[in-house]
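Here's a quick briefing to read alongside the model. Have the sequence and the 3D view open and follow along.

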Amino acid sequence: MENASSNSEKQNKIKLNFKDSKYATGRRKRSIAKVWVKKGSGNIHVNGLKMNEYFKRPVHQIIVTRPLEITEATTNYDIKCSVKGGGLSGQAGAIILGISKALIAHDESLKKNLKKDKLTTRDSRVVERKKYGHRKARRSFQFSKR
């Protein structure tokens, strides 16, 4: 019985009330992020964890908070993200797009600054497919003349 109660505690890490929030999705590479933004005190949660616990590398933390720094609203909004697929860099990129879209939905006047820094458009670069007769997408097998 003790194990069952600890599992329920792990599943209910955070309970955030996001009823009056704006929702947006962001994509990057193979990652998809669902983002909810509402007025608050500047808390960012990713998959039920605080952003600092989910993204250990400072580079990813800076990337995720970039839209808030550009709009000078780091402590004005609470953000809840649910992200899946891809790696951490792709997930951070997906969260950026989601936050930017949700901020614009919340306050239309922020669009000008976010668009200037190209945070409102999806980065369409994805991994190139492998071709037959090659080792990778472009790398060929070693050629020996004799």
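The lining of the largest pocket draws at least two residues from each of strand S1 (22-28), H3 and H4. H4 gives the largest share of that lining, five residues. This is a predicted model, so a pLDDT of at least 70 is needed for local features and 80 or more for side-chain atom pairs, while totals for chains, interfaces and linings use all residues. Numbering starts from 1 along each chain as its sequence is written, and side-chain values use heavy atoms, with hydrogens and water left out.

**The pocket**

- The space in the largest pocket comes to about 260 Å³, where a volume is the space filled by probe spheres set on grid points joined across faces, edges and corners.
- A pocket here is an open set of points on a 1 Å grid over the protein atoms alone, where a 1.4 Å probe fits and protein lies on both sides within 12 Å along at least five of seven lines; lining residues have an atom within 4 Å of a point.
- There are 15 lining residues, and Arg28, Ile63, Gly93, Ile96 and Asp123 are the ones nearest the centre.

- Arg28 sits in strand S1 and is buried, at 15% relative accessible area (buried is under 20%, exposed over 50%, partly exposed in between, with a 1.4 Å probe and protein chains only).
- Setting aside neighbours within four places in sequence, Arg28 is in contact with Gly90, Gly93, Ala94, Arg122, Asp123 and Arg125; contact means heavy atoms within 4.5 Å.
- Arg28 and Ile95 are 67 residues apart in sequence, yet their C-alpha atoms are 8.6 Å apart.
- Lys29 is in the loop between S1 and S2 and has a positive phi of about 50° without being a glycine.
- Lys29 is partly exposed, with a relative accessible area of 44%.

**Overall layout**

- The protein chain has five helices and five strands, which are DSSP runs numbered from the N terminus (H or I of at least four residues for helices, E of at least two for strands).
- Reading from the N terminus, the order is α-β-β-β-β-α-α-β-α-α.
- Of the 146 residues in the chain, 33% are buried.
- Among contacts with a separation of 6 or more, 69% are between residues 24 or more positions apart.

**The nonpolar core**

- The largest nonpolar core has 28 residues, and Val46, Phe55, Val64, Ile79, Ile95 and Leu103 touch the most other members.
- Strand S2 (31-39), strand S3 (44-46), helix H2 (51-54), helix H3 (58-70), strand S5 (77-84) and helix H4 (88-106) each give two or more residues to this core.
- H4 again has the largest share, with eight core residues.
- By definition, such a core is a set of buried Ala, Val, Leu, Ile, Met, Phe, Trp, Tyr and Cys residues joined through side-chain atoms within 4.5 Å.
- In soluble globular proteins, nonpolar side chains tend to be buried together.

- H3 has 13 residues and reaches 18 Å from its first C-alpha to its last, close to the expected 18 Å (the expected span is 1.5 Å times one less than the number of residues).
- Even so, H3 bends by about 40° at Val64, with Pro67 following within four residues; the bend is the angle between axes fitted to the seven residues ending there and the seven starting there.
- His60, Gln61, Val64, Thr65, Pro67, Leu68 and Ile70 are the buried residues of H3, and they pack against S3, H2, S5, H4 and helix H5 (111-116).
- Just after H3, Glu72 takes a positive phi of about 55°.
- H4 has 14 of its 19 residues buried, so it is largely enclosed by the rest of the structure.
- The end C-alpha atoms of H4 are 26 Å apart, which agrees with the 27 Å its 19 residues should span.

- Asn47 lies in the loop between S3 and strand S4 (49-50), and its phi is near 50°, a positive value in a residue other than glycine.
- Asn47 is partly exposed, at 33% relative accessible area.
- Met51, in helix H2, counts as buried at 8% relative accessibility.
- Leaving out neighbours within four places in sequence, Met51 is in contact with Ile44, Val46, Gln61, Val64 and Thr65.
- Met51 and Val64 are 13 residues apart along the chain, with 8.6 Å between their C-alpha atoms.
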